[in-house]
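Dear colleague,

Please find the structure for your review below. My notes on it follow directly after.

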Amino acid sequence: MRRLLAELVLVPWAGVLLGLVVISVVVSVMSPYFLTFGNILGNVALYFSWFAIAGFGEALVMIGGGLDLSVGSVMGFSGMIAALALTAGAPLWLGILAGLAAGAAAGIVNGLAVTRLSLNPFIATLATLGIFRGITYGIVQGQAITPASNVAGTEFAALGTGALFHVPAPVIVMIVLAIVLYVTLNHTPFGRHVYALGGNEGATRLLGLDVRRLKMIVYIISGLTAAIGGILLTARAGTALPDAAEGYELQVIAGVIIGGVSLTGGQGTIPGVLIGAALLGVISNGIVLAGLAGYWQQLITGLVIAAAAALDVLRQRLAYLRAA
Amino acid sequence: MPTTRQFTGPVRRRTLLRAGTLAAGAGLLARPSIVRAAKRYSIAVIPKALDNPVFYYAHYGAEKRAAELGDVDVIWTASTTSDASEEAQVLSGLVSRHVDGMAVDANAPEPLIAPINQAVAAGIKVITWDSDVPQSKRPIFYGVDSYKMGQALAEQTIKFMGESGTVILVSGGPGATNLNARLKGATDTLAKYPGVKTLGPFFHNDDLVKAQELTNNLLVSHPDAGALLIVAGVPFFGKMSALPQVIKNKGKVKIISTDVLAPELPFVADGYVQALVGQDYWGWGYQSVSILYNLLTNANCHYPALVPQAMPVVTADNVKEWMQKWEQAKTPEGAAEAFKEPPIGCM
C-alpha cells in the first residue's frame, strides 16, 4: 500500500485525480442524481468537453512555454464561420472545414505575432483575443446565425446533440483527440521537442531545432482544437451567437493549470488536462444538483482551484523527496 | 424552428435604408416647407449591447418612427458587450457629438449617472428605456416595471402549478438590476402562498450554452419540483434538441419564462413551456423616438416619470397568433405591420 502510494506521487496527474474523486464523492452524497449514467455522460462530460478539447491545444502551447489567451474568441469565431458557411449552402464537410480553417488561420496569426514580431505571448494573444472577437461581431453585425434545417443543418445539429451508444458526440470527439494528442506528445519526436522548448528554449535552439517552426505548430494546433470545441459548441446550441464562448479562455486555462500544466512551461500531460476540465465540470454540475444558490458558485470554484493547486505542490514535494 | 434568427442583416438594413429614405422624402414633401426645412434631429438609441436579438426589433422600430417623422436621423449604437463602463464611454462620445436626443438602455445604473447628467447639462434630451438609471437627471423612463414583471411571472407560475410546490428560480447574472427586481417581484408574490417553497436562484450568465446546461441539470436533479421560474429566458433562444430534459419533462415541472421571441414559441406550442411573459421590443425603439421627438419639438409636452409599456403573456391559448406575428416580422416592413401601435403622444 505504501509502495503504491509512493509510486502514485510520481504520476503527474495523481493529485488532480484525487481532487476529482473527493469532489465527486461529496456531490454524490449530496445528490442521488449525480452518479447516474445519464448525468455523468449527458450533462457533466458533455458540457466540459469543449473546455477539455480547447484545453488540449492550450496545454501544448503552455508546455512549450507559451500562452494562448485567444482560445475563447477563436471558439466563437470558428463556430460562426462554420455556421455562415452552412447558411450559405455549403455541405456539412465544407462547413466544418471552413470552421477548422478559421481556427488554423487564427493559430497562424498568433504564431506569427509570437515568432516574427517577437511579441510576448500574453500580449500577442491578448491582442488577438480582441481581434478575433471583433471580426466575429463585425462580419455578422452583431446578429445571430442559425443554419437552416436542411440536410447539412440537421447533420450539423447532430454533431452537438447526437450520441453513439448513449455517449454524446462531443464526448467521443474529446476522447479521440485526447488519445491522438497523448500519443503525439509522449511518443513522437515532435512531442519531446515541445517539452524541450518549454523546459529550456536556449538549449533547444543550440540542439539545432527550429524553435520558430515548433512554436508556429503549437499555436496552429491550439487554433485547431479551439475551432473543434467552438464548432461542437455551436452545433449543440443550435445557433452561432457573436458572443459565444466569451470569457471561456479563463475556464480553459484554469482546467489546464489544475491539470498540472506548468505556467512556466516544460511540464504537463494530456490526461491531467482532461481531469482538470472534468473537475471544473463536476463542480458546476454539483452546485446545481446540491441545490446551492448560484451566488456561491464562483467562491466554491475558486476554493477548489486553490485546493487542487496546493495538492499538486504537495505531490511535487513528495515526489522530489522520494527522488532525493 | 427559430428561423427569424437567420442571418439577414445586410439585406434588411439596405431595404430599411431605402424604405427610410423614401418615407423621409415623402414626409418632407407632405410637411409645410417653412416649418422644419432646415432642422433635422439626430436621436441616438443605445441598447445594452449589439448582439442580443431582442434589440433587432427595437432597431427596426426606431428607424420606422424616424421614417414616419421624416426629419429624424437615428444613430443606433452601443458597446459591443453588455458592459456599463463601456456604455458610459459611448454616451460621453454622443455628448461630444452633440446629438439632439438620447434614449438609453442601461447595463447598470451607477456608471451611467455621470454621462447622462452631463448630457442633460449640455441641453440634450435624455430618456431611459428597458433598464432605468433612476438616480440620474433623465426625466422619463419608458419600459416595463421589472418588479411587476416578476409578479406576473409568479402569478403565471401559481396558475399552472397550483398553490403548493417547490419553485426553482433562474436568472442571468447576479448583478443585473432589472433581473434582481424581477426576482424580488416573483419571490414577494410567491411568499404569499404558504405551500410554496423557493430554491435558488441559479445563474446562467446570459450564456446560451450555459443556460441550456443549467436547465437540463435542474430538471434532472429536481424532478419533483413544481415549477421552474426563469427571469431571463435565454435557455429557449437556441434549438429545442439542445434541451432533451425539457422534452422529457414535457410540462411535468411547469416552466414559466420571460420574453416572447420567435425561437421560444415552439416550446409553448408543444407544451414544454407553459407561459412566457414578454415586453414590447418594437416599442423600445418606436416609442423612444416618438417621446424624444415630442420633447424636442414641443416645449409644452409633458410625461410622467414612468411611461409604462405593454407586457404580453403567451400561453397555449394565443401562441399560434404570436407565431404568425413573428413570421410576418421577418422583414422590417413586416415587423412594422405585425407590431403596429400608435405613437405615444404628450401626456
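In these notes, two residues are in contact if their C-beta atoms, placed from the backbone, lie within 7 Å. Helices (H or I, at least four residues) and strands (E, at least two) are DSSP runs, numbered from the N terminus. This is a predicted model, in which local features need pLDDT of at least 70 and side-chain atom pairs count only at pLDDT 80 or more, while totals for chains, interfaces and linings use all residues. Residues are numbered from 1 along each chain as its sequence is written, and chains are lettered from A and ligands numbered from 1 in the order in which they are written.

I begin with helix α8 of chain A. Spanning residues 169–187, α8(A) has 19 residues and reaches 27 Å from its first C-alpha to its last, close to the 27 Å expected at 1.5 Å a residue (the expected span is 1.5 Å times one less than the number of residues). Its buried residues (20 or more other C-beta atoms within 10 Å of their own; exposed means 12 or fewer, partly exposed in between; C-beta atoms are placed from the backbone) are Pro170(A), Val171(A), Met174(A), Leu177(A), Leu181(A) and Leu185(A). They lie on the same side of α8(A) because they cover an arc of only 125° around the axis, the arc being that of the directions from the helix axis to the C-beta atoms. These buried residues pack against α3, α7, β2 (167–168), α9 (189–199), α11 and α13 of chain A. On the face turned away from the buried side, α8(A) carries the exposed residues Val176(A), Ile179(A), Val180(A), Val183(A) and His187(A).

Turning to the interface, 34 residues of chain A are in contact with 32 residues of chain B. On the side of chain A that touches chain B, α3 (37–63), α6 (121–140), α7 (151–161), α11 (211–237) and α13 (270–289) of chain A each supply at least two residues.

In chain B, six strands form an open sheet with parallel pairing, in the order β2-β1-β3-β4-β5-β11; two strands pair if DSSP finds at least two bridges between them. The edge strands of chain B, β2 (72–76) and β11 (306–308), each pair on one side only. Strands β3 (residues 101–104) and β4 (residues 125–129) of chain B pair in the parallel sense over four bridges, and Gly101(B) has Lys125(B) as its bridge partner in β4(B).

Finally, Val126(B) lies in strand β4 of chain B and counts as buried because it has 28 C-beta neighbours inside 10 Å. Leaving aside neighbours within four places in sequence, Val126(B) is in contact with Met102(B), Val104(B), Ile116(B), Ala119(B), Val120(B) and Arg138(B).

Kind regards
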